[in-house]
Amino acid sequence: MPDLHNSPPASATASLLRVARLAMALAVLTPGLAACADGNAEGIVTRHFVAVEFTDAREALAEAIANEGIARPVESHFARMLDRTAADLGHAHGLYAEAEILTFCSAPVAAALVTEAREHIALCPLSIAVYTLREGEAAAVLAYRPPSLHGAGGDAARALMQRIVSRTARLLGQE
């Protein structure tokens, strides 16, 4: 069994130093990759709506999706699922006052994505979440993760999601 208390051989130390220098160079050259909108997890974009009830934000989001000519989104009742499983799984109850994820698919965007690469099927459907954190608080949030792909499909998906969020804001009188 190797002695874990001894220092690594010189070649291993040199390799570790090269990896560390490479990581530092990448961090300096690509600062935007580690940071994201509003300090969220990588790639997640949020839009906050002050003085907007959850139901109003959710309905405006669904209408904005429909205005794109997309079939009614599938609704995932995320807050309810978390509350229902809290006791069994040991996580906190009430992580959200209300939260739903609306998933939808645009045939032209999906075709553009999979034309570039068949594995892009994993990006469909697209989704946008809407949530509030505290019961009775009028402050709704939209959150989504646009594809980071470069090319026509990724561009189309990002543009679609941005249009939907912008239209939601207009419907809520906040743009």
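1. A residue is called buried here when its relative accessible area is under 20%, exposed when it is over 50%, and partly exposed in between, with a 1.4 Å probe and protein chains only. At 11% relative accessibility, Ser106 therefore counts as buried.

2. The model is a predicted one: local features need pLDDT of at least 70, side-chain atom pairs count only at pLDDT 80 or more, and totals for chains, interfaces and linings use all residues. Residues are numbered from 1 along each chain as its sequence is written, and side-chain values use heavy atoms, with hydrogens and water left out.

3. The protein chain has six helices and five strands. These are DSSP runs numbered from the N terminus, with helices (H or I) of at least four residues and strands (E) of at least two. Read from the N terminus, the order is α-α-β-α-β-α-β-α-β-β-α. Of the 175 residues in the protein chain, 30% are buried. Contact means heavy atoms within 4.5 Å. Among contacts in the protein chain between residues at least 6 apart in sequence, 66% join residues at least 24 apart.

4. The largest nonpolar core has 27 residues, and those with the most contacts inside it are Leu61, Phe104, Ile128 and Ile164. Such a core is a set of buried Ala, Val, Leu, Ile, Met, Phe, Trp, Tyr and Cys residues joined through side-chain atoms within 4.5 Å. Two or more residues come from each of helix H3 (54-66), E3, helix H5 (107-116), E4, E5 and helix H6 (152-171). H3 gives the most to this core, with seven residues. Apart from this core lies another, of five residues, among them Ala79, Ala99, Val141 and Ala143. In soluble globular proteins, nonpolar side chains tend to be buried together.

5. Not counting residues up to four places away in sequence, Ile128 touches Leu61, Phe104 and Ile164, and its other partners include Glu100, Leu142, Tyr144 and Met161.

6. Helix H4 (residues 78-89) has the buried residues Ala79, Leu82, Thr85 and Ala86. They cover an arc of only 145 degrees around the axis, so they lie on the same side of H4; the arc is that of the directions from the helix axis to the C-beta atoms. An α-helix has 3.6 residues a turn, so residues three or four places apart point the same way. The buried residues of H4 pack against strand E3 (98-104). On the face turned away from the buried side are the exposed residues Arg80, Arg84, Ala87 and Asp88. Gly90 follows H4 and has a positive phi, near 80 degrees.

7. The largest pocket has a volume of about 440 Å³. Of the 22 residues that line this pocket, the closest to its centre are Ile44, Ser127, Ala143, Tyr144 and Arg145. E3, strand E4 (126-132) and strand E5 (139-144) are the elements that give two or more residues to the lining, and the largest share, five residues, comes from E4. By class, the lining has 17 nonpolar, three polar and two charged residues. For these classes, Ala, Val, Leu, Ile, Met, Phe, Trp, Tyr, Cys and Pro count as nonpolar, Asp, Glu, Lys and Arg as charged, and the others, Gly among them, as polar. A pocket is found on a 1 Å grid over the protein atoms alone, as an open set of points where a 1.4 Å probe fits, with protein on both sides within 12 Å along at least five of seven lines; lining residues have an atom within 4 Å of a point. Its volume is the space filled by probe spheres set on the points, which are joined across faces, edges and corners.

8. Ser106 sits in the loop between E3 and H5. Leaving aside neighbours within four places in sequence, Ser106 is in contact with Ile70 and Leu160. Ala71, in the loop between H3 and strand E2 (74-76), is exposed, with a relative accessible area of 59%. Ala71 and Ser106 are 35 residues apart in sequence and 8.4 Å apart in space, C-alpha to C-alpha.

9. Leu113, in helix H5, is buried, with a relative accessible area of 0%. Its contacts beyond four places in sequence include His120, Cys124, Leu149 and Ala157. The C-alpha atoms of Leu113 and Cys124 are separated by 8.8 Å.

10. Two backbone details remain. Cys124 and Pro125 are joined by a cis peptide bond, with omega about 0 degrees; Pro125 lies in the loop between H5 and E4. Ala51, in the loop between strand E1 (45-50) and H3, has a positive phi, near 60 degrees. Most residues other than glycine have a negative phi, and most peptide bonds are trans.
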